[in-house]
Amino acid sequence: MSISTNFFRLPNMPITSAVLTQLAEQHYHAYLSAEQVKALCGQFQLSQIDFALACLPIAACYSKAPISEFYVGAIAIGESGNFYFGANQEFESVSIGQTVHAEQSALMHAWQMGEKRITDVVVNYTPCGHCRQFMNELNSARTLRIHLPHSQNNALHSYLPDAFGPRNLNITDCLFDGPTQTTQPANLTEAAIEAARSSYAPYSHLQGAVALQAGERIITGRYAENAAFNPSMLPLQNALNFYRLQGETAPISRVVLAENQSKLSTKESTFALVKAELGLEAEYIAF
């Protein structure tokens, strides 16, 4: 179901209309700057967290859930004050492990946008164990606060006591600590390689990224590992998530996966999902 169709299902409320107006002006990129957030909080006399809770139905409109038909919206709040929306993304005809959870979606949106630290995650349902473990990879995990419609201001580690994380494996630079992609290369291959070099892969050292050609735009997604391995975010999922959160964009016509030489590779799963989801043959670059 398209994002625009989902918006018509939202209740006709002043705050919803105001947020949708802002999103429409930026082609439905699922993001609000700190300045936009401050203005809207003032307009509706809401705290930052209460405003984020009010935005959750809009975030859930970006969900793609043909399997579960269960729509989860999340908002990652950056140290900058920016709001990064996210939603669960499901893919048919491949393994269920390819799914992107809403909290992952919002966090990777923020990471792709260059945010350096997340202070709060706001979500419309209690985070599952997968997402709790994924959030524990963040450089802000010790201070991260989780907010739900029925319960606010909860420490992440109240949901994940005695947690296993990067510090157990002697990793000091955590997710969001590393470099970000700062330039826009001219072609798809260069874009994939450059994005791969800013992967977060302290365990396997795999540098991997996918570049999507969508009309004249190039959208990339890079690899992000987790100490527990399975909640890691693969490059293609990251790219497809970022593509969807940009709103309604041109169809994807080319997909390039770039990887360095490592003990791991995402090539097989990437090619399978590209074929099933997009009907395309992915291209592979080793560097």
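Reader: Which strands form the open sheet of six, and in what order do they come?

Author: Happy to start there. Strands of a sheet pair through backbone hydrogen bonds, either parallel or antiparallel. In this model, which is predicted, the six strands run in the order β1-β3-β2-β4-β5-β6, and their pairing is mixed. β1 (31-32) and β6 (151-155) are the edge strands; each has a single partner strand, so one side of each has no neighbour in the sheet.

Reader: In which sense do β5 and β6 pair, and over how many bridges?

Author: Strand β5 (residues 145-148) pairs with β6 in the antiparallel sense, over three bridges.

Reader: How many bridges does β7 make with β9, and how many with β8?

Author: β7 pairs with β9 in the antiparallel sense over seven bridges, and with β8, also antiparallel, over six bridges. Gly208 has Glu259 as its bridge partner in β9. The hairpin of β7 and β8 has two residues between the strands, and Gly215 there takes a positive phi near 65°.

Reader: Which way do the side chains of β7 point, and are they buried or exposed?

Author: In a regular strand the side chains alternate between the two faces of the sheet. For β7, Gly208, Val210, Leu212 and Ala214 point one way, and Ala209, Ala211 and Gln213 point the other way. Seven of the seven residues of β7 are buried, so the strand is largely enclosed by the rest of the structure.

Reader: On to helices. At what angle do α9 and α10 pack, and how far apart are their axes?

Author: Two packed helices are described by the angle between their axes and the distance between the axes. Here α9 (residues 235-245) and α10 (residues 267-278) pack at about 35°, with axes 9 Å apart. Leu236, Gln237 and Leu240 of α9 make the contact with Thr270, Leu273, Val274 and Leu278 of α10. Sorted by class, this contact has five nonpolar, two polar and no charged residues.

Reader: How many residues of α9 are buried?

Author: Eleven of its eleven residues are buried, and α9 is mostly covered. Among them are Asn238, Phe242 and Arg244. Just after α9, Gly247 takes a positive phi of about 95°.

Reader: What span should α10 have, and how far apart are its end C-alpha atoms?

Author: At 1.5 Å a residue, the twelve residues of α10 should span 16 Å, and its end C-alpha atoms are 16 Å apart, which agrees. The buried residues of α10 are Thr270, Leu273 and Val274. They cover an arc of only 105° around the axis, which puts them on the same side of α10. Their cover includes β7 (208-214), α9 and β9 (252-259). After α10 comes Gly279, whose phi is positive, near 70°.

Reader: What does Val94 contact beyond its neighbours within four places in sequence?

Author: Setting those neighbours aside, Val94 is in contact with Ala272, Leu273 and Ala276. Val94 lies in the loop between β3 (83-87) and α5 (102-112). The C-alpha atoms of Val94 and Ser269 are separated by 8.7 Å, although the two are 175 residues apart along the chain. With 22% relative accessibility, Val94 counts as partly exposed, because buried means under 20%.

Terms used. Residues are numbered from 1 along each chain as its sequence is written. This is a predicted model: local features need pLDDT of at least 70, side-chain atom pairs count only at pLDDT 80 or more; totals for chains, interfaces and linings use all residues. Side-chain values use heavy atoms; hydrogens and water are left out. Axes are lines fitted to C-alpha atoms, for helices over the stretch in contact, and angles run from 0 to 180 degrees between N-to-C directions. Helices (H or I, at least four residues) and strands (E, at least two) are DSSP runs, numbered from the N terminus. Contact means heavy atoms within 4.5 Å. Ala, Val, Leu, Ile, Met, Phe, Trp, Tyr, Cys and Pro count as nonpolar, Asp, Glu, Lys and Arg as charged, and the others, Gly among them, as polar. The expected span of a helix is 1.5 Å times one less than its number of residues. Buried means under 20% relative accessible area, exposed over 50%, partly exposed in between (1.4 Å probe, protein chains only). The arc is that of the directions from the helix axis to the C-beta atoms. Two strands pair if DSSP finds at least two bridges between them.
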